[in-house]
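Please examine the structure shown below. The paragraphs that follow lead through its ligand sites and a selection of its individual residues.

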Amino acid sequence: MKTILTATFLTCLCITGNAQINHGYPINPVPFTSVKVTDKFWGQRLQASREVTIPLAFNKCEETGRYENFVKAAHPSDTYKVEGLSFDDTDVYKTIEGASYSLQTYPDKKLQKYIDSVLVIVAGAQEPDGYLYTARTMNPKHPHNWAGKERWVAVENLSHEFYNLGHMVEGAVAHYQATGKRNFLDIAIKNANLLCETFGPEPGKIAVAPGHQEVELALVKLYRATGDTRYLNLSKFFLDARGKYEGYDRNSKDQFRCGAYWQDHLPVTQQDEAVGHAVRAGYMYAAMTDIAALKDDSDYLKAVDKLWNNVVGKKLYITGGVGATRHGEAFGRNYELPNSTAYCETCAAIANCMWNLRMFMLHGDSKYIDILERSLYNGVLSGLELDGSKFFYPNVLSCDKGGSLRSPWFDCSCCPSNLARFIPSVPGYVYSVSDKGMYVNLYGANTADVVLKSGTHLKVVQSTEYPWDGNIKLAVDPDKIEAFDVMLRIPGWVRNMPVGSDLYAYTDKNIPVIDIYVNGEKVDYDMQKGYAVLSRIWQKGDIVEFALPMDVHKVLANEQVEADRGYLSIERGPIVYCAEFADNNGEVMNFLMNENQKFDVQPASEMFDGVVLLKDTDARRIVSENNYTTIKEKEDTLTLIPYYARSHRGGRRNDSMVPV
Ligand code: FUB
Ligand code: ZN
C-alpha cells in the first residue's frame, strides 16, 4: 500500500502578421497571431486574460503607485521616499507586453489608447542619455536601497537595472509588432544603446554579469526585431561575464554569498547543475539556448543540454514546476523535491516553458514539448485563478486543511504580470515549421494559417476536446499540392515516458500503438524524436485522425526523491490530479493507494471551468476510532480534481509575498 501524496490537495513569437521570422533556429514556431483558438479550455483562459487579468494588472499598476513612480522620475526630488521594489517598473512593461499580444488577436482601440497614455509617462521618466530606472531617477541622492549609490554599481546584486530593461525590451518589441508604433520601441532602443555604449569587452567599457538574468534573452529579441548585431553580442557578453566576479566567497555555504544564487559561480558553459534562484536560471538557460542557436556555439549547446538533463533528471516536480525551496526561491539539491514546502514559483514555470520551446526549436525533439506541456497545464495554470483574477506565487504540492488561496496582487507582483503576458502568447506554442514541414506540438481546437518554409500556406483546422479527450482531427489544406511532413507529437505520457528521464515512471508499462488515418485510411508512419512523421503529398481536403489514449496513470518518483517515497501521483493526459478536502469529506491525507487502483473518468461540465474528475468508489482510508485507540481501514470514495483547479473553494490568502 502507498499513501496518497498530499493534504488539502494532492498531486498525485516573434509575431508580426503572418511572416515567419528567422529565429536562428532550424525550427520556428508559427506565430500566435496565426493560430485562432476555438476550444473552451484555452478560449476561456484567453478571454479571462483579455477581460480580467490584463485590466486588473493595469489597475494595480495605477493603484499601487507604479505609474506614479514614472511621473516622479520625470520630476525628481530628494524629498521622494523610494518605496516598493526596485523592479516595480517591470509590472508595467509586462502588462503592456501581454496587452500587445492581446491587441494582435483582438484589436481594441481603447486599450491601444490607454497603452499610449501609459507610454507618455514612461517616456517622461527616461533620462536624456536613455537611462530609465525610476527607483533611482526619482531621487538620485536617495535611490531605492537595492539600487546602489550610482548607476549600475549594484547591477551584479539586487538593483535589477538590467532586469527592468529586459522586460522593457520584451514589452516594447511586442508593442511594436502589435501596433507598428515606435513609441515604446524607441524608448527601449535608447536604453539598450546606452548599455551597448557602457558595457562590453572593449577598453573603457564595463564588464558585469547581470544580477537577475532577463536582459540577455530580451537583447536577442531586440536583435531580431532590429537586425542590430550589437544587441546579440551584448547578450552573449553578459552571459560570458558570469563566473568571473570576485566579490563572492566561493566556498561559502550561504548560497547568497557564493554566487550560485544568481548562477555566477562558474562560467555558463561550465555549468551543468541547475542551482540558485529558479527564475533567474530559467531566463538564463533560455538566453543560452538562443546563443547556442544564433551563434552556432557548441559550448553553449553542450551546457544547455547538460543543464536540461539535470533539471529534468533530478529537479523537476511532477507538475513541471521548478524551485524546491523558498530560501533564495531556488533549486534544491539533486532529488530534493519536498511537497508541502515546494516553492515552484509561477514565474519559474513560465521560464521553464520559454526555455523548453527554445530547446525544441534547437533539437526538434518532442521531449522538450512534453516538459513544456506539463509545466503549462500544471505548473503555470495552477498559478492562475480560473477567472483570471487571482494568482499564486509559490505553488505547493500539498498543504494543510484550509490550504491557501490565490491573491489579486502581491507586494512583489512578478507572477501576476508574468501571467498577464504569458497566457495570451500560448497559441504561439501550438505549431512549428522546419524545412521538412509542420510540427503539431500542442493539441486543442483551433484554426491556423501556417506558412511552410517553402512559402506554401496551409489552412489547418484542429478539432478535439483535449485535454479531456484524446481524439484529434486535423484538416490540412495546402494552397497547392505539395510533398512535406506533418509531424504529430505523440506525448511522452502516451509512450510511457512521463518526463524523458528516470525521475518519474508509470506503474503501468503499456505503450499503446497509435493508429493514424488520413482520409479514413490507416497510414504507415515513422516515429522520429517522439513525432509520428506523416510524409506524403498533401492536398486540399486532407484529414488526419488519431486518438491519444487517455489512460489514468499512477506515477512513482525515483527512489532517491525522499519526499515522494511511499507516494503515488495520478495523472491523465497532460493533467496532473490532486485530492482536495471539498470533495473528500474534509480529509485527504489518510487515503491509501495501491498500484492496481482503478479510477472512473467522470466528466463534470458544471465544475470549475468544466473538468474531468477521477473517482475511485472503492478506495480505502485509515480512520481512528475509540479516541485514537483503534486504527482501521474504511471504504470510501476518493475524488480527484485537476491540480490547476485546486484552491477555489476556501482557504487563506497571503498577499504579502516578497522575495527571500
Ligand atoms: O527579482 C525579480 C523577481 O522577484 C524574481 O524573478 C522573482 O523570483 C521575485 O523574487
Ligand atoms: Zn514570480
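Is Asp609 buried or exposed? Asp609 has a relative accessible area of 10% and is therefore buried, where buried means under 20% relative accessible area, exposed over 50%, and partly exposed in between (1.4 Å probe, protein chains only). This is a predicted model, in which local features need pLDDT of at least 70 and side-chain atom pairs count only at pLDDT 80 or more, while totals for chains, interfaces and linings use all residues. Residues are numbered from 1 along each chain as its sequence is written, chains are lettered from A and ligands numbered from 1 in the order in which they are written, and side-chain values use heavy atoms, with hydrogens and water left out.

Asp609 is placed in the loop between strand S21 (600-604) and strand S22 (611-625); helices (H or I, at least four residues) and strands (E, at least two) are DSSP runs, numbered from the N terminus. The side chain of Asp609 forms a polar contact with the side chain of Tyr644, at 3.4 Å. A polar contact is a pair of N or O atoms within 3.5 Å; within protein, one must be able to donate a hydrogen and the other to accept it, and residues adjacent in sequence count only if both atoms are side-chain atoms.

The next site is that of ligand 1. Polar side-chain atoms of His160 and of His212 each lie 2.7 Å from an oxygen atom of ligand 1. For Glu329, an N or O atom of the side chain is 2.5 Å from an oxygen atom of ligand 1. The protein buries 98% of the 270 Å² that ligand 1 exposes when taken alone, with areas from the Shrake-Rupley method and a 1.4 Å probe.

Glu345 leads on to the zinc ion (ligand 2), which is coordinated by Glu345 (OE), Cys347 (SG), Cys414 (SG) and Cys415 (SG) at 2.0 to 2.3 Å. Donors are N, O and S atoms within 2.8 Å of the metal (3.2 Å for Na, K and Ca); water is not among the atoms, so sites may look incomplete. Why is the arrangement around the zinc ion (ligand 2) tetrahedral? The four donor atoms subtend angles of 97 to 117 degrees, which makes it so; four donors count as tetrahedral if all angles lie between 85 and 135 degrees. In sequence, the donor residues follow the spacing E-x1-C-x66-C-C. Cys347 in helix H13 (residues 346-363) and Cys415 in helix H15 (residues 414-422) are 68 residues apart, and the pair links distant parts of the chain. Cys347 counts as buried because its relative accessibility is 2%, and Cys415 counts as buried at 0%.

Some further residues complete the picture. His553 lies in strand S17 (residues 552-557), and its side chain reaches the backbone oxygen of Trp493 at 3.1 Å. Tyr466 and Pro467 are joined by a cis peptide bond, with omega about 5 degrees; Pro467 belongs to the loop between strand S8 (457-464) and strand S9 (471-478). Ser647, a residue other than glycine, has a positive phi near 60 degrees. Ser647 is found in the loop between strand S23 (630-642) and strand S24 (652-653), and counts as buried at 2% relative accessibility.

Notes. Four donors count as tetrahedral if all angles lie between 85 and 135 degrees; four count as square planar and six as octahedral if opposite donors are over 155 degrees apart and all others between 65 and 115; anything else is irregular.
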